[in-house]
Amino acid sequence: MTTRPIPVPPRGAEVKWHLSPPYSARHLLWLVLIVALLLVTGQRTDMDRMVAMTTQAVGNLIGVADDSQVVRGLSRVGTAMWPPVIGEVEEVNRMSDLDRDRLPLFSYIEVQERVEQRMNLETLQLEAATEQVEVLVKPLGYVWTVFVKMVETLEIALWGTLLSVVLSIPLAYFAARNYSANRFTYTAARGFISLLRSVPELIVALFLVLAYGFGPIAGVLALGLHAAGFLGKFYAEDIENADKKPQEALEAIGAGKIKTLWYGVLPQVLPQYIAYTAYIMDRNLRMATVVGLVGAGGIGQELKGRFDMFQYGHVMTILIAIFIFVFLLDQLQARIRARLI
Amino acid sequence: MIRFESLNKVWPDGTHAIRDVSLEVPRGQFCVILGPSGAGKSTLLRAVNGLMQPSSGRVVIDGTEFNARTQSVLRRRVAMVHQHFNLTNRMSVAANVLAGLLPMVSTARAMSGWFRPEHREKACELLAQVGLSPAHLKRRAGELSGGQQQRVGIARAFMLDPEVVLADEPVASLDPKISSDILRLIRDAARERNATVLCSLHQVELAREFGDRIVGMRDGQIVFDGSPEAFTDECVESLYHGAVWDDTTPEEAAGSSLALGTTNVSLA
Ligand SMILES: Nc1ncnc2c1ncn2[C@@H]1O[C@H](COP(=O)(O)OP(=O)(O)OP(=O)(O)O)[C@@H](O)[C@H]1O
Ligand SMILES: [Mg+2]
């Protein structure tokens, strides 16, 4: 071993200190470059039009501008969406399995008059025909439908998260450089994780709907696969960065990889693992409302169906339900956080 | 018995940490290794349980050579007490001690934490022996003081009734009173099992008090080997001299240390 003393300049030697200013011409050049880049991309993404239209809309709202395309569009949708649909009315003679003695809760049968325009084949003119129709009225029918769909959404998120945890544990093991069996398994696991992470849930769901059909299976799989990539990566990185000392102690007595991981790593990384998993649960809850748009079950599927049929009142009910759902989740999360900290 | 046979270690960066070390430590001996920082004490100890692969030479434990084939069997017989305790901080004291059994229990048993009653009893006994109380069992290891953590480390090391105990500066970060308590614990537990102890230290006084034998190392070589009585203050002086910065050039320093090496070996 060689130990050298720290070099100290001889006494009396002149030392020139120089501290340059924090910015130079090069920084200015960078600034100009960045601003130019922002201007170009802003132009390409129509940011100029966005500003103009928004300004016009604000102007219209405060009475300065006469007309605004944005305000017109929004108010048209807004009026169509109001009021939200709460009840449901079904024609009795279209329901095959209605038991008149046991109606669903809060519902009742009513006779409604319906006026229909019919073509009279003899006169070839439209005539108004009045018809007596028996209908089943469910005052909270649609709210209940949405509630059931919301529960399904919750279940999709839950199972998606469960699936992602189960998948990511072996992935994380092989993607941790210090535990993977060899270079090949390491690279394969890392590659697979990147693949899972690179495809967004919606796109995965799009394909899985083709494979599994409409419904929650595709949703659960889509959420689970994407999140498995995320969790696999973060679990693995925590294993790699975990304190080496306890692992060394267990390696020294020949405890074996799995047992070392269980006793030397897992207890140390567990709080982080819980945090990652909670994040994924939160993300999946929000994503589960969306994957239905491509037919993968849950509230999104209901939303898409109603939207496509121009039933904006129903859409409004769904949007309100999603808002309440997310709001309640945030409250719950705040509670849990307060409890844990 | 541990035998080092012309052991060499050159790290990838070119550091020659162990230079042709041959040493034989009989069964049951408490052998203290002294030497300045960077002398290669840790490197030498870590050759015994394969945490370090020697560049050449071999280590023989009770007639069995340490190599890739015998490693898994030999590691169970060699325990280690670490300078930084190396406990799993967020795990309970009890689990840390039971972790000392891991090579002997099935993966299912280890993962479920369902250890045999006799093993749990043994953990408790050892914890009592090192001076901890039942109240400590469920505490997180990281919450204990350094001295207490090292006691847990010792209990863990003796769970498998080792034949060899490696202690790499086990008291480096502890106060003098606790230091000698800890060394006494290691010595007594080892004597009870007739285990060989290889212990590196930085405290000469403790080395003289606890060592049956003192081995002085410098620049990867053994420069002193003898009884504590033979390890005089002059030996201490020459062992550590030159390791501190002085005006000599590295070449001079290397030359003088070589000279010292020969005098000390003859001294032993
Ligand atoms: N993993 C490593 N890679 C490269 N060089 C190493 C490594 N471990 C130790 N060394 C070098 O080997 C030499 C001996 O180190 P070692 O840790 O054995 O010394 P030591 O006697 O235990 O010192 P200390 O008393 O400070 O613990 C040193 O020069 C050190 O820099
Ligand atoms: Mg050391």
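I take a salt bridge to be a side-chain nitrogen of Lys or Arg within 4 Å of a carboxyl oxygen of Asp or Glu. The model I am reading is predicted.

**Entry 1: a pair in helix 7 of chain A**

I looked up A:Glu237 and A:Lys233. Their closest N and O atoms are 3.6 Å apart, so the pair counts as a salt bridge under the 4 Å cut-off. I then asked where the two residues stand relative to each other in helix 7 of chain A. They are four residues apart in that helix, which spans residues 216-241, so about one helical turn separates them. I noted A:Glu237 as partly exposed, at a relative accessible area of 26%. A:Lys233 is partly exposed too, at 23%.

I followed the shared partners from there. One network of salt bridges joins A:Arg190, A:Lys233, A:Glu237 and A:Glu240. For the whole structure, my search over all chains returns 32 salt bridges.

**Entry 2: charges over rings**

I came back to A:Lys233 for its other contact. Its charged end sits over the ring of A:Phe234, 6.0 Å from the ring centre. In chain B I found B:Lys9 over the face of B:Trp11, with 4.6 Å to the ring centre.

**Entry 3: aromatic rings**

A:Phe234 belongs to one aromatic cluster with A:Phe230, A:Tyr276 and A:Tyr279.

I then counted ring pairs over all chains, and the search gives twelve aromatic pairs. Among them is A:Tyr173 with A:Phe174, whose centres are 5.2 Å apart and whose planes make an angle of 85°. I file this pair as edge-to-face because the angle is over 60 degrees. Is A:Tyr173 buried or exposed? I have A:Tyr173 at 16% relative accessibility, so the residue counts as buried. A:Phe174 has a relative accessible area of 33% and is partly exposed.

**Entry 4: salt bridges within chain B**

I looked up B:Glu5 and B:Arg3. Their side chains meet in a salt bridge, with 2.8 Å from N to O. B:Glu5 is partly exposed at a relative accessible area of 22%, and B:Arg3 is partly exposed at 24%.

I also looked up B:Asp161 and B:Lys122, which form a salt bridge with the closest N and O atoms 2.8 Å apart. Which parts of chain B does this pair tie together? B:Asp161 lies in the loop between helix 6 (146-157) and strand 7 (164-168), while B:Lys122 is in helix 5 (residues 117-129), so the pair links parts that are 39 residues apart in sequence. I noted B:Asp161 as partly exposed, with a relative accessible area of 40%.

**Entry 5: the interface of chain A and chain B**

I listed the residues in contact: 24 from chain A and 36 from chain B. The area buried between the two chains is about 2,700 Å². Carbon and sulfur atoms give 61% of that area.

I counted two salt bridges between chain A and chain B. One of them is A:Glu248 with B:Arg46, where the closest N and O atoms are 3.1 Å apart.

Last, I asked which elements give two or more residues to the side of chain A that touches chain B. These are helix 8 (244-252) and helix 9 (257-291) of chain A. Helix 9 supplies the largest share of that side, eight residues.

How values were computed. Residues numbered from 1 in each chain as written. Chains lettered and ligands numbered in written order. Predicted model: local features only at pLDDT ≥ 70, side-chain atom pairs only at ≥ 80, totals over all residues. Heavy atoms only, no water. Phe/Tyr/Trp six-rings, centres within 6.5 Å; stacked < 30°, edge-to-face > 60°. Buried < 20%, exposed > 50% of the residue type's maximum accessible area, 1.4 Å probe, protein only. Lys NZ or Arg CZ within 6 Å of the ring centre and 35° of its normal. Contact = heavy atoms within 4.5 Å. Buried area = accessible area lost by both parts, 1.4 Å probe.
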